[in-house]
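Subject: Structure handover

Hello,

Here is the structure for you to open alongside this note. Please read the notes below with the coordinates on screen.

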There are 2 protein chains.
Amino acid sequence: MKYELDQAQELSAQIAQAIRDGIMEGSLIVDQRLPSESDLCEQFQVSRPTVREALKRLAAQNLIRTQRGASGGAFINRLSFEDAYGQQITTSILLLSMNAVSFETACEARFALERACVALAARRRTPDQLAAMRAEIHRQSQPGLSDESFCASDVAFHRALVDAAGNPVMSYQLAGAVEAIEPLMNMITFTARKREKIVELHTQIADALEAQDGAATESVLAELAAHTLELAREVAAMRKNKAQAPQL
Amino acid sequence: MKYELDQAQELSAQIAQAIRDGIMEGSLIVDQRLPSESDLCEQFQVSRPTVREALKRLAAQNLIRTQRGASGGAFINRLSFEDAYGQQITTSILLLSMNAVSFETACEARFALERACVALAARRRTPDQLAAMRAEIHRQSQPGLSDESFCASDVAFHRALVDAAGNPVMSYQLAGAVEAIEPLMNMITFTARKREKIVELHTQIADALEAQDGAATESVLAELAAHTLELAREVAAMRKNKAQAPQL
DNA sequence: TTTCTGCAATTGTCAGACAATTAAATTTCA
DNA sequence: TGAAATTTAATTGTCTGACAATTGCAGAAA
């Protein structure tokens, strides 16, 4: 590792960037141990708190893990799909809420991207994935379910649909699109009739996937998209009526 | 803000999580100033270095920004689409390289997701976006271009295609899928004939989008996907021949 | 009124210390 | 000898206190 520190930013940010570059460029490989904190102090000519701030920055991105004790230290972390999902979801939720993205926009993105999964899902869906979808459908048709739980189940259904495509990269890319819509959906009140309609469409999707009929799945999904957008418009109208309703 | 610290993790991680929760839940809003470091020390009953490590974790995720001086401090940051793009791309590249994701898998994901943009792009593409695509096509047909620059231009073309859908959420979600493939594509040697084919398909895509013909665009995109996968198979075969070729 | 100066608040960095944890080396004991 | 217990050394986690650098603001000076 070679490093050149530039006066503009904070030292800890520069050190973190230097190490991050090493990881991305490949000179630091998974499970490799970084020098100890005191060694890093010498290499970068800074104090230990500064080195530690740099390491915490990297830890926040799951790029390293640390271990105490004799043979401890900081190790380059293999970024797992699970960790990446989590980061993706957190970032997506914050991005949508902080930039006042409309339900329509988020919805359009989600359904467009989900449509991309359908062809693959129809070919590859496993019995387990179908079962997961059916389980959520069953949950959604329980009468006493709160709106919040209904939304959560809806998200779980769509996640199972995405996973059915059998491409982990797609599952990762779509994690944000699928999950980040939940806070927005939570502003909707789902009447019994609305739920019934959604459950029916979900059932048709599961059936079409089970029959490995991609075209049919796409068409039902389009219907579900249209229906969801309709709900969104109702919500938007209600919000407009209430004038200054609290923003998300 | 209320906090309960639990002995299991590091203090700085717990403090960071408490603040992160506040942001996600909405009790901390954009541009709001956090208490000063010394105030946070009192609130959480920890020392300043610990508080600072927590703040650096949040800064690494672009959740806060800090400013020195009299009226300085840490402020909740509005997560911009640009910042989110960057995080998304970094995470995607690392995820793919560290988990030895095959070119086929990444390619399948990218083209499937891009297909989702096409219908919208055909409707909404602006003259600027078309011009950007044509500019990249022109660049790709320059004879002296290095393979690396050709790949970079290819990525830029696809980014323009995604942006043409006119949905910033989709652009964000696809940033990773489009960009993270570049390191993988860089292992391909693009002969003049291969480039010619790709440039031709790109031109057809741009033409179809200009004509607002979504169906035609989709079909050319499918052809491009098939062609790219073909290249990937050649590379995989070559790598197999070379037995222990250096992994990415 | 405008400009300058100094003050106070705040983050950035440093130095040194001690606590907690852990693996390995060492000793002890059967 | 072999296994268990103990010590040791390395390393991260946290604390204390200090000083430097930056910046807005109030008050002084022109």
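B:L11, B:S47, B:T50, B:G69 and B:A70 come nearest of the 24 residues around DNA strand D. A residue is near a molecule or strand if its C-beta atom, placed from the backbone, lies within 6 Å of it. Helix 3 of chain B gives the most to this surface near DNA strand D, three residues. At least two residues each come from helix 3 and strand 2 of chain A, and from helix 1 (11-25) and helix 3 of chain B. Helices (H or I, at least four residues) and strands (E, at least two) are DSSP runs, numbered from the N terminus. By class, the surface near DNA strand D has seven nonpolar, 11 polar and six charged residues. Nonpolar covers Ala, Val, Leu, Ile, Met, Phe, Trp, Tyr, Cys and Pro; charged covers Asp, Glu, Lys and Arg; the others, Gly among them, are polar.

A word on conventions. This is a predicted model: local features need pLDDT of at least 70, side-chain atom pairs count only at pLDDT 80 or more, and totals for chains, interfaces and linings use all residues. Residues are numbered from 1 along each chain as its sequence is written, while chains are lettered from A and ligands numbered from 1 in the order in which they are written.

Now DNA strand C. It has 23 residues around it, and A:L11, A:V46, A:T50, A:G69 and A:A70 come nearest. The surface near DNA strand C divides into seven nonpolar, 11 polar and five charged residues.

Next, the protein interface. Chain A puts 40 residues in contact with 41 residues of chain B; contact means C-beta atoms, placed from the backbone, within 7 Å. On the chain A side, helix 1 (11-25), helix 3 (48-60), helix 4 (81-98), helix 5 (103-124) and helix 8 (168-179) give two or more residues. Helix 5 of chain A has the largest share, 10 residues. That side of chain A divides into 24 nonpolar, nine polar and seven charged residues.

The largest nonpolar core has 131 residues, of which A:A106 and B:A106 touch the most other members. Such a core is a set of buried Ala, Val, Leu, Ile, Met, Phe, Trp, Tyr and Cys residues joined through C-beta atoms within 7 Å. Buried means 20 or more other C-beta atoms within 10 Å of a residue's own, exposed 12 or fewer, partly exposed in between; C-beta atoms are placed from the backbone. Leaving aside neighbours within four places in sequence, A:A106 is in contact with A:L96, A:V101, A:A180, A:I181, A:L184 and B:V169.

Strand 1 (residues 64-67) and strand 2 (residues 73-76) of chain A pair in the antiparallel sense over four bridges; pairing needs at least two DSSP bridges. A:T66 stands opposite A:A74 in strand 2 of chain A. In this hairpin, with five residues between the strands, A:G69 takes a positive phi near 100°.

A:Q45, not a glycine, has a positive phi near 60°. A:Q45 sits in the loop between helix 2 (37-44) and helix 3 of chain A. A:Q45 counts as exposed, with 11 C-beta neighbours inside 10 Å.

Last, confidence. Chain A has a mean pLDDT of 91, and 93% of its residues reach 70 or more; pLDDT is the predictor's confidence in each residue, from 0 to 100. Over residues 1-6 of chain A the pLDDT is below 50. Where pLDDT is low, the predicted coordinates should not be read in detail.

Best wishes

Note on methods
Two residues are in contact if their C-beta atoms, placed from the backbone, lie within 7 Å.
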